Amino acid sequence: MTTRTVGEPIPRAEDPRLLTGEGRYVDDIGGDALEVAFVRSPHAHARIVDIDVMDALDVDGLVAIYTYEDLRDRMAEPLPILIPHPGLTHGRTPYVLAKDEVNHVGEPVVMVVATDRYVAEDVCDRIAVEYDPLPPVVGIEAARSAALLVHDDVPDNVSAHLVQESGDAPSAIAQAPNVLELDLEIERSASTPLEGRGVHARWDPDDRSLRVYTSTQASTSVRAAVAAKLELPADRVEVIAPDVGGGFGVKIVHPWPEEVLVPMAAIRLGRAVKWTEDRREHFVSSAHERGQFQHVRVGFDDDGRLHGLDVTVWHDNGAYTPYGIIVPIITTTQLLGPYKPGAYRAEFFSLYTNTLTVTPYRGAGRPQGCFAMERTMDAIAEHLGLDRVTVRERNFIQPGEMPYDHGLTFQDGRPLIYDSGDYPATLEKLKKLIGWDEFAEYRAAARAEGRRVGIGIACYVEGTGVGPYEGGFVKVETDGTVVVATGLTTQGQGHQTVFAQVVADELGVPVDRVVVTTGDTRRFGYAVGTFASRAAVMSGNAVALAARQVKEKALRVAGEALEADPRDLELADGEVRVKGVPGASVPLSTVAVLSNPLRYAFDDEAKRATQFAGPSDPEKPPVAEGDEPGLEATGYYSPPRSTFANGMHAAIVETDPDTAEISILRYCVVHDCGTLINPRIVEGQIHGGVAQGVGGALYERMVYDDAGQLLNASFMDFLMPYSTEVPMIETDHLQTPSPLNPLGIKGAGEAGVIPGAAVLASAIEDAEGIRISRMPISPSELHDLRREGHGAADEAP
Amino acid sequence: MKPPGFTYHRPQTVEEALDVLAEVGPEGKVIAGGQSLVPMMNMRLAAPQHLVDINHLPDLGFVQVEGQDDGRSGVRVGATARHADVERDHDAGRAVPLLQQALACVAHPTIRNRGTTVGSLVHADPAGELTAVLALLGGSVELRSTRGTRTVPATEFFVGLLESCVEPDELATSALFPVPVPRTGSSWVEVARRNGDYALCGVGALVTIDDDRRVRAARTAYVSVGPTPVVLDVTDELDAAPLHTADWATVGRWAAEQLTPGDDIHATAHYRKHLAAVLTERALREAAGRAERGESAESAEQIDGATRARRVS
Ligand SMILES: Cc1cc2nc3c(=O)[nH]c(=O)nc-3n(C[C@H](O)[C@H](O)[C@H](O)COP(=O)(O)OP(=O)(O)OC[C@H]3O[C@@H](n4cnc5c(N)ncnc54)[C@H](O)[C@@H]3O)c2cc1C
């Protein structure tokens with residue numbers, strides 16, 4: 001029997017290729033393409049007075065220079081707001097090349113096409129753009145005060161103001177026995193995939209078709225966007241995401257200005273043209289996330305049970321809102337985590353600043369929400385003198401209360417209803433894993449050695465697998481290979497492996513016979529994209545549904561060949577067999593041959609399917625009515641709403657009493673993402689997420705000065721953690737299947753990052769006895785907090 | 001992040017290199033490991049019109065322990081010896097343990113495989129560990145040009161932020177790190193944001209003890225607290241204290257008061273000063289402990305009975 005692989009930690013099929021340098025990224029494609037560089041705004045806020053290219057024209061190798069003046073028709077209009085929302089009353093998007101005004105450092109102003117990138121940069125250096133600088137709005141405080149405006153026609157710098165309510169939180173809080181207020185702050189970080197963005201476009205003048213390779217998380221939608229902007233028929237545009245070196249959210253945004261400008265140049269010049277983003281460009285011209293101020297009011301009883309929660313969020317959306325207000329919506333809905341808030345009120349202001357645009361980065365607003373909720377839980381515990389896990393336990397939604405309706409609207413426009421999950425069981429596992437109850441002893445022993453240690457905990461619930469849909473195509477080739485295609489893209493998650501596992505099990509074939517293609521509009525045209533921890537849920541189920549149709553047909557066709565009732569047949573080891581009758585079988589490859597009657601024989605396999613090859617009923621058409629040739633099917637999965645994964649992290653940290661250095665001694669994760677297709681890949685996702693969580697908590701930030709200059713736009717000064725900064729990660733799993741989809745899967749892609757800032761703040765606070773209300777935190781900042789006398793670590797419990 | 005065009009020179013002898021440097025003058029730059037120069041060129045912060053690649057010059061990759069005219073020994077490091085060569089050189093490690101103690105904190109192994117020790121001195125990064133090591137040991141750099149050869153002591157070598165006294169036509173051919181006097185222990189400690197990053201504050205210490213286990217001399221050196229490395233003589237502060245009663249912490253605080261570090265995006269001046277105090281204490285304590293345990297530098301004679309050289313390829 002073919003062994004089932006779903007649930008098994010099989011090695012990733014893509015690794016040998018990627019680890020031996022055989023990956024093919026955008027920059028590896030078509031080495032003879034012309035190359036693009038951009039003149040980008042050096043100012044955070046300015047009017048463009050003049051662009052003088054005269055000095056650049058005699059540079060050897062220059063091919064073309066484009067400014068806004070050279071754009072026509074729809075290319076001359078602002079980029080779309082990808083996700084419109086009624087609450088986004090003042091959405092603004094940039095032009096593909098700045099028109100009159102720039103609103104952040106890094107905004108593209110001039111596009112240069114040259115024989116190579118070196119020449120293109122030489123040309124950029126010689127183009128003189130004259131600016132009339134305007135005072136910039138930098139940081140949430142400045143945006144909120146609205147003394148200056150980013151966009152003249154956006155009052156108070158507010159792009160959106162949204163309130164969601166469930167019950168009457170203000171009066172529930174007013175009547176509660178205890179009330180606390182917290183002011184919290186999270187700074188900016190960013191996805192920073194190791195491969196930046198990149199676009200390669202070639203125009204075929206004979207075929208009048210355009211092919212675009214782009215490092216994207218949404219190739220089908222890029223295709224639609226490029227076709228729309230360049231006014232081409234969609235069927236004349238192919239978009240392919242080749243190997244993509246990480247996305248983490250930033251590559252879901254589309255079309256980027258470069259994604260339509262490069263194809264435009266390719267068409268106009270009749271040459272292949274490419275642009276490969278460099279690291280400095282990525283820092284100032286892609287997108288950031290995370291920056292928020294939060295004010296929390298919470299009312300609770302003496303047991304620590306919430307009566308009412310009222311949260312206001314000031315969200316820094318940067319210069320533009322191409323991706324709408326998804327991030328603050330997620331913050332204010334996912335903030336609730338595994339808890340019943342009593343009455344809840346959430347209000348947010350999404351604010352413009354003259355800094356880089358904010359769009360989702362792994363976690364997409366959840367880390368901030370988790371921070372608000374978990375800081376609140378810790379504050380309640382401290383106020384009441386209760387164990388921090390006790391307060392959490394008392395507020396958990398119980399398994400018997402599932403599905404649980406929060407009475408709010410989630411980011412997909414659907415009701416926020418948790419489908420399943422066992423939070424008390426998750427907590428029990430975590431307490432055991434980290435040794436929560438034994439920590440007091442450990443702390444005492446450490447203290448005796450003059451060491452300062454603390455423990456922290458943070459819980460989250462993550463809405464995953466948002467719709468609207470994904471599709472999958474499954475085909476059995478006549479040599480027995482199973483070809484699978486799905487439209488969403490891959491940025492390193494291991495989709496080749498997991499989708500192959502799903503299909504292999506459905507069809508009873510060895511997993512290495514299954515070949516998966518993702519993100520190629522030539523192979524699958526309908527798709528949404530890879531984000532929101534949705535790929536396994538959406539495409540996993542879609543390919544399963546397609547494979548089930550293929551199986552049904554295989555049984556039917558084989559039934560005819562074996563003169564057996566399809567109900568007596570089974571698929572295993574690449575064959576269709578009569579159950580319990582050894583020898584009565586037909587290989588799946590033969591079934592594929594039989595399912596496609598042929599006239600022409602071009603090889604031995606084909607010969608077996610031609611009209612004189614075997615017996616067939618002369619009275620019946622070769623392809624039955626309602627049937628189709630080929631052993632293939634297309635399936636779609638469209639969920640009613642999101643499915644909710646959950647997890648809890650705990651960490652033990654040590655802080656140096658002298659240098660204020662912070663080290664993570666242990667980091668434990670208990671995670672429930674429903675049925676595991678491949679535990680190894682889920683663990684990998686968790687590890688990567690935790691690494692980014694640690695980065696966001698202790699290292700990474702975007703340091704803008706008052707003029708709106710990003711001071712740390714390189715990996716020298718933007719401190720992405722090295723492997724030496726990421727702790728050993730100890731994991732354990734629960735598997736509470738989702739009732740919403742056939743495979744019972746929940747998403748796992750973002751989970752690891754969500755509680756990072758919350759759990760480390762909790763642990764540092766515990767070690768230091770200093771209230772931590774702002775993350776990330778550096779040793780220098782912890783030193784300042786100590787000096788301000790916020791804490792008395794030695795008296796801390 | 002692509003550099004502007006330049007002319008690439010690959011001299012095969014030192015003389016040829018000096019001729020090219022003399023010819024191109026201020027428009028030229030030596031490239032050694034390229035670990036500092038290439039990023040600057042890619043960001044177009046440096047745009048030399050001529051690059052003189054010294055990696056193909058013969059006989060400059062050495063790390064050798066040699067006797068000096070004044071009877072003291074030293075570790076001489078040639079211009080193309082990599083940090084990793086120095087780090088792994090057994091004799092250099094015995095002669096001047098401080099070299100390896102500090103090198104372990106310089107960047108990451110891959111960068112140490114390419115970056116040169118002499119290049120890091122010429123580059124004069126205020127956070128470069130080797131600048132302080134050279135200054136603390138009272139070392140020197142040998143510079144050659146078509147005009148002649150000169151030996152510049154550390155006190156005159158570091159001129160300012162990212163600025164050493166090397167003239168455009170000069171090639172730094174080697175650096176000398178003298179062996180400290182007998183019964184001297186050393187230490188390098190630093191705090192960096194991430195493993196291998198430039199230090200927020202780094203401190204080197206040399207403590208010499210006498211037969212009664214009293215502090216006879218003690219000096220400390222600092223990176224990342226000013227434009228050039230700072231050396232402090234703390235002998236008087238310790239006042240010949242016996243090792244077990246020496247008040248390292250007070251000396252640390254005194255030392256920090258002598259420094260005027262600045263703010264940057266990773267640390268405030270106050271924090272840096274605080275680190276200087278804490279790290280001075282730790283470095284002195286560790287150096288003293290090593291002196292006491294006899295883990296001190298060895299002279300060339302002790303190592304091999306003779307001056308010896310070893311080419312490192
Ligand atoms: C990520 C990263 C982290 C790093 N971290 C550290 C760290 O923690 N501590 C540290 O000390 N360094 C660090 N470095 C720098 C590293 O040590 C460099 O190798 C060193 O500073 C310069 O050596 P190089 O051989 O690479 O010099 P190059 O980059 O080739 O040259 C640097 C400069 O010195 C000049 N130069 C070099 N050799 C000579 C010579 N023989 N004669 C005349 N001029 C010369 C060049 O013209 C140039 O101006 C780091 C580098 C990187 C990339």
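Q: At what distance does a polar contact join the side chains of Glu101(A) and Arg47(A)?
A: This is a predicted model, in which local features need pLDDT of at least 70 and side-chain atom pairs count only at pLDDT 80 or more, while totals for chains, interfaces and linings use all residues. Side-chain values use heavy atoms, with hydrogens and water left out; residues are numbered from 1 along each chain as its sequence is written, and chains are lettered from A and ligands numbered from 1 in the order in which they are written. A polar contact is a pair of N or O atoms within 3.5 Å; within protein, one must be able to donate a hydrogen and the other to accept it, and residues adjacent in sequence count only if both atoms are side-chain atoms. For the side chains of Glu101(A) and Arg47(A), the polar contact has a distance of 3.4 Å.

Q: Which residue's side chain is joined to that of Glu101(A) by a polar contact of 3.1 Å?
A: Glu101(A) belongs to strand S4 (residues 101-102) of chain A; helices (H or I, at least four residues) and strands (E, at least two) are DSSP runs, numbered from the N terminus. Beyond its neighbours within four places in sequence, Glu101(A) is in contact with residues including Ile48(A), Leu134(A) and Val150(A), contact meaning heavy atoms within 4.5 Å. The polar contact of 3.1 Å is with the side chain of His45(A).

Q: Why are Glu121(A) and Arg117(A) separated by about one helical turn?
A: The side chains of these two residues, Glu121(A) and Arg117(A), form a salt bridge with an N to O distance of 2.9 Å. A salt bridge is a side-chain nitrogen of Lys or Arg within 4 Å of a carboxyl oxygen of Asp or Glu. The separation is about one helical turn because, in helix H2 (residues 117-126) of chain A, Glu121(A) and Arg117(A) are four residues apart.

Q: Which residue takes a positive phi in the hairpin of S16(A) and S17(A)?
A: Strands S16 (residues 404-409) and S17 (residues 415-418) of chain A pair in the antiparallel sense over three bridges, where pairing requires that DSSP finds at least two bridges between the strands. Thr409(A) has Pro415(A) as its bridge partner in S17(A). Five residues stand between the strands, and the positive phi, near 80 degrees, is that of Gly413(A).

Q: What is the omega of the peptide bond from Met402(A) to Pro403(A)?
A: Most residues other than glycine have a negative phi, and most peptide bonds are trans. Pro403(A) is located in the loop between helix H10 (388-395) and S16 of chain A. The bond from Met402(A) to Pro403(A) is cis, and its omega is near -10 degrees.

Q: Where in chain B is Ala124(B) found?
A: Ala124(B) is a residue other than glycine with a positive phi, near 55 degrees. Its place in chain B is the loop between helix H7 (117-123) and helix H8 (129-137).

Q: What area is buried between chain B and chain A?
A: In this interface, 24 residues of chain B are in contact with 35 residues of chain A. Buried area is the accessible area (1.4 Å probe) that two parts lose on being put together, summed over both. Carbon and sulfur atoms give 56% of the area buried between chain B and chain A, which is about 2600 Å².

Q: Which residue of chain A forms a salt bridge with Arg44(B)?
A: The interface of chain B and chain A has five salt bridges. For Arg44(B), the closest N and O atoms are 2.9 Å apart, and the partner is Asp122(A).

Q: How far is an oxygen atom of the ligand from a polar backbone atom of Ala32(B)?
A: The ligand is surrounded by 31 residues, with Val30(B), Gly34(B), Leu37(B), Thr116(B) and Glu129(B) the closest; a residue counts as near if one of its heavy atoms lies within 4 Å. An N or O atom in the side chain of His83(B) is 3.0 Å from an oxygen atom of the ligand, and a polar side-chain atom of Lys29(B) is 3.3 Å from one. For the polar backbone atom of Ala32(B), the distance is 2.8 Å.
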